[in-house]
Amino acid sequence: MNASDIIRVGIIGCGGIANGKHMPSLKKVEGVEMVAFCDIIEERAEAAKKEFGTEDAKVYTDYKKLLEDKTIDVVHVCTPNRAHSFITVDALEAGKHVMCEKPMAINSVEAKKMLDASKRTGKMLTIGYQTRQTAQAQFLKAEAEAGTFGDIYFARACAVRRRAVPTWGVFLNEYEQGGGPLIDIGTHALDVTLWLMNNYKPKYCVGTTYHALNSSTEQGNAWGNWDPEKFTVEDSAFGFIVMENGATISLDAAWALNTLEVREACCMICGTKAGADMFGGVHINGIRQNRQYTFEPSFNAGGAAFYEGIDDNNPADKEAYQWINAVREKKNPTVLPEQAYCITQILEGIYTSAKTGDIYRF
């Protein structure tokens, strides 16, 4: 690979999502060099450089200093949600392509600033919705595009945990995050649902949020007990969305809910020709020769050959590969900023409806 083909990446925010997803996946993509690391805690940036960076990689505590480096092609924004918008806008204005971790922003006003900056600068912007890269989602997308389902008019988007409240970082801080499970994991479920439906025109929604279990002392949480006083976001949220074409979507999101129906970032879609779900695998159902049928493809082995060296069962690796490939070949990334903006609008609508008790109209 020629030196001119090398993509130089700067990482802003070296916490959990950067270490757990972005940096390990970028390291596997040929022709990528992580040359700059920024975090408000300098030790975290230093540790990231040591594990993932080039020998001469720079370390910063001020992201604006990182953006002054004209040799950086791409920036990954891996900060708490509140900082997504202004850091992304500054990075785009500095001439960088940007991968921003989900959700796009804490509200639609901030998300629109990001979208406008991308259009104004001509720099690429994508959002980290890696659920689209799962083998199951990719299979259903291909079926949807082939017309298997007909017109999809009803869907359920699910991101429900029984007791798995994240107790680290700022997940429980409403100011920093803008919300709880709805904006954290519900956003993944909504993204994959809208993507399969290919429908980004919401008309109105209604929503409810609950703080029903925040103050519980008997918690049984997967990641240890949370501090009830710091748990300022909702523990669960539910929305009902009506699209302009009449299609409807129900959205369930919970970190803590008394249920055995535990489902992480998946959906069910119902169309005029067939339906499908991602509940414990993929199931496609319909009528053939006047008989009901169910089709369950296996994802244990085989399938379409994917990129060399990239595991087909690792959506984070696939996300990093397609993103860098899109930058290199100057083509659209899998997740368009316009799509992510629509998701932020809907999440904001559900939160607003929950606060006002009224229907939210887009």
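Visitor: What is the length of the polar contact that joins the side chains of K21 and Q130?

Guide: The model is a predicted one. K21 is found in helix 1, and its side chain also has a polar contact of 3.0 Å with that of E101. For the side chains of K21 and Q130, the polar contact is 2.7 Å.

Visitor: Does K21 count as buried or exposed?

Guide: Residues touched by K21, leaving out those up to four places away in sequence, are E101, G128, Q130, A316 and E319. The cut-off for buried is under 20% relative accessible area. K21 has 6% relative accessibility, so the residue counts as buried.

Visitor: Which element gives the most residues to the lining of the largest pocket?

Guide: The largest pocket holds about 1200 Å³ of space. Its lining has 45 residues, and those closest to the centre are I17, C78, T79, P80 and F171. Elements that give two or more residues to this lining include helix 1 (16-27), helix 4 (84-93) and strand 11 (263-271). The most, 4 residues, come from helix 8.

Visitor: How many residues in the lining of the largest pocket are charged?

Guide: Sorted by class, the lining has 22 nonpolar and 13 polar residues. The number of charged residues is 10.

Visitor: Which elements do the buried residues of helix 6 pack against?

Guide: Helix 6 spans residues 135-145, and its buried residues are A135, A137, L140 and K141. Just after this helix, G147 has a positive phi of about 85 degrees. The buried residues of helix 6 pack against helix 8, strand 12 (274-277), strand 13 (283-288) and helix 9 (315-329).

Technical notes: Residues are numbered from 1 along each chain as its sequence is written. This is a predicted model: local features need pLDDT of at least 70, side-chain atom pairs count only at pLDDT 80 or more; totals for chains, interfaces and linings use all residues. Side-chain values use heavy atoms; hydrogens and water are left out. On a 1 Å grid over the protein atoms alone, a cavity is a set of points where a 1.4 Å probe fits but cannot get out, and a pocket is an open set with protein on both sides within 12 Å along at least five of seven lines; lining residues have an atom within 4 Å of a point. Grid points are joined across faces, edges and corners, and a volume is the space filled by probe spheres set on the points. Ala, Val, Leu, Ile, Met, Phe, Trp, Tyr, Cys and Pro count as nonpolar, Asp, Glu, Lys and Arg as charged, and the others, Gly among them, as polar. Buried means under 20% relative accessible area, exposed over 50%, partly exposed in between (1.4 Å probe, protein chains only). Contact means heavy atoms within 4.5 Å. A polar contact is a pair of N or O atoms within 3.5 Å; within protein, one must be able to donate a hydrogen and the other to accept it, and residues adjacent in sequence count only if both atoms are side-chain atoms.
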